[in-house]
Amino acid sequence: MLARMEDRVLLYTDGACKGNPGRGGWGAWLEFGDHEKEMSGGEASTTNNRMELTAVIEGLRVLSRSCEITIVTDSTYVRDGVTKWMANWKRNGWRTAAKKPVKNRDLWEALDTEIARHNVEWQWVKGHSGHPGNERADALANAGVPG
């Protein structure tokens, strides 16, 4: 049975980096019915990909129970990592098709644990194109970048 839209959590995520690597931030905005939550954080030395992953992980971690969730991201790295690559990485002992160690394995494993708790649908949006949820997540990510 499909969940009604008001039963679905919408999670908008984004990462930001001032230099890559450099100072980075992540942002997540969750909507559930009439409720919403904004979150952000950052690291002094990181990469944009790590911040994109962290935004999704932290957004999922705040959910206290299993949910129907739509994750809206502008990161093809995160979306494709989960939907296209992760199963093979796990089967190959966290190695890529080229037999190299998967970059950011710690975060991929954390993300794998978090998404296993939920029924997740992935939605990609073009970044910086005026999508309200993505723009809000981007603002949160930039606010999370350490000064």
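Start by selecting α1 and α3: α1 passes α3 in a left-handed crossing (the near helix is turned anticlockwise from the far one by less than a right angle). This is a predicted model, where local features need pLDDT of at least 70, side-chain atom pairs count only at pLDDT 80 or more, and totals for chains, interfaces and linings use all residues. Residues are numbered from 1 along each chain as its sequence is written, and side-chain values use heavy atoms, with hydrogens and water left out.

Helix α1 covers residues 48–61 and α3 covers 105–115; helices here are DSSP runs of H or I with at least four residues, strands runs of E with at least two. Their axes, lines fitted to C-alpha atoms over the stretch in contact, sit 9 Å apart at about 30°. The pair is therefore roughly parallel (angles under 35 degrees).

Now show side chains. On α1, pick residues including Leu53, Val56 and Ile57; their partners on α3 include Trp108 and Leu111 (contact means heavy atoms within 4.5 Å).

Next, the largest pocket. Select Val9, Leu30, Glu31, Phe32, His35, Glu36, Lys37, Val62, Leu63, Ser64, Arg65 and Cys67 to see its lining. Strands β2 (22–32) and β3 (35–46) are the elements giving two or more residues to that lining.

Two backbone stops remain. Zoom to Asn20 and Pro21, joined by a cis peptide bond with omega about 10°; Pro21 is in the loop between β1 (8–18) and β2. Then jump to Trp94, in the loop between α2 (76–91) and α3. Its phi is near 60°, a positive value in a residue other than glycine.

Conventions:
Axes are lines fitted to C-alpha atoms, for helices over the stretch in contact, and angles run from 0 to 180 degrees between N-to-C directions. Angles under 35 degrees count as roughly parallel, over 145 as roughly antiparallel, 65 to 115 as roughly perpendicular and the rest as oblique. On a 1 Å grid over the protein atoms alone, a cavity is a set of points where a 1.4 Å probe fits but cannot get out, and a pocket is an open set with protein on both sides within 12 Å along at least five of seven lines; lining residues have an atom within 4 Å of a point.
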